[in-house]
Amino acid sequence: MTERTEEAVVVLEGVHKTYGTGGSQVAALRGVDLTIRRGEMVAVMGPSGSGKSTLMNILGCLDRPGPGRYLLDGVDVGRLSRDKRADLRNRKLGFIFQDFHLLSRTSALENVEMPMLYHPERISGRELRRRAEEALERVGLADRAGHHPNQLSGGQQQRVAIARALVNRPTFLLADEPTGNLDTRTSLDIMSLFQELNAGGLTVILVTHEPEMSRFCSRVVVLRDGLVERDEPMDSRQSARGLREAFDREHPAGEIQPRPVEAS
Ligand code: ADP
Ligand code: MG
């Protein structure tokens, strides 16, 4: 191994996942091979039902892999107990959802503190607050710490969710359609934030079914029927910030943009 950037964070070998039992089984993943190296920013694409969320849930240790092997930073996830898997998740991973999954009755700051309460090491109240403030600052929301989710825009809520995902200093971020509920302008902002975090060394894996969003990633993996159909580098990777600036010039502030019609 020559450089840190060469390290494999994720290795999947022949990973299967089947839901249900007996006659009503669904084979969601049918032998997925995938290696992701530190510092990559990967878009997972594919039609609805192709297994994208199943893959993310397995990568995120939210669900147990079926037959096959999943190595996360060299640890064989399939061999871990449920508790050990939860520990690994809390230490190594940040997960971001399409609909944010924030607790509605707590402030942005408290939402961000939450994962630290489950961290295997006990963290003092003072340190919790300090780290949560730092994470909110990283996503540009230091001045909204006391706001509740319903006092924030969709894009701001997603930033809180990203801050929450960052607070345990994860090895990688997983985001399942993080811009699926956001308008174009806000989607570009969120992708720009992911690019910044990625430039700072964080590995990012995100699901999108919008080709425009995949262009901000360094690599695209396409699933079909539970298998990797295509896996290639993004040769003409774009800057989301640059596109956002161009978007602003074309569409002056305040103008409402309809979302492009989605393919699937
Ligand atoms: P995608 O995210 O690409 O739309 P999913 O991973 O959600 O695909 O689903 C893959 C397949 O697995 C689909 O056929 C879906 O209906 C099925 N599936 C997903 N989750 C479950 C579940 N909890 N129980 C049964 N079938 C499921
Ligand atoms: Mg899905």
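User: What makes the pair formed by a polar atom of the Ser-50 side chain and the backbone oxygen of Pro-47 a polar contact?

Analyst: The two atoms lie 2.6 Å from each other. A polar contact is a pair of N or O atoms within 3.5 Å, where, within protein, one must be able to donate a hydrogen and the other to accept it, and residues adjacent in sequence count only if both atoms are side-chain atoms. At 2.6 Å, the pair is therefore inside the cut-off.

A word on the background: this is a predicted model, in which local features need pLDDT of at least 70 and side-chain atom pairs count only at pLDDT 80 or more, while totals for chains, interfaces and linings use all residues. Residues are numbered from 1 along each chain as its sequence is written, chains are lettered from A and ligands numbered from 1 in the order in which they are written, and side-chain values use heavy atoms, without hydrogens and water.

User: Why is Ser-50 called buried?

Analyst: Its relative accessible area is 2%, and buried means under 20% (exposed is over 50%, partly exposed in between, with a 1.4 Å probe and protein chains only). Ser-50 therefore counts as buried. Leaving out residues up to four places away in sequence, Ser-50 touches Ala-28, Leu-223, Arg-224, Asp-225 and Gly-226, where contact means heavy atoms within 4.5 Å.

User: How do you know whether Tyr-70 is buried or exposed?

Analyst: Tyr-70 has a relative accessible area of 0%, so it is buried. Its contacts beyond four places in sequence include Val-10, Ile-58, Pro-65 and Phe-172.

User: What does the side chain of Tyr-70 reach?

Analyst: It comes to 2.7 Å from the backbone oxygen of Leu-59.

User: What makes a group of residues a nonpolar core?

Analyst: Its members are buried Ala, Val, Leu, Ile, Met, Phe, Trp, Tyr and Cys residues, joined through side-chain atoms within 4.5 Å. The largest core here has 46 residues, and Leu-136, Ile-162, Met-191 and Phe-194 have the most contacts inside it. Another core, of 28 residues, lies apart from it and includes Val-15 and Ile-36.

User: Why do ten residues of the lining of the largest pocket count as nonpolar?

Analyst: Ala, Val, Leu, Ile, Met, Phe, Trp, Tyr, Cys and Pro count as nonpolar, Asp, Glu, Lys and Arg as charged, and the others, Gly among them, as polar. Sorted this way, the lining has ten nonpolar, six polar and two charged residues.
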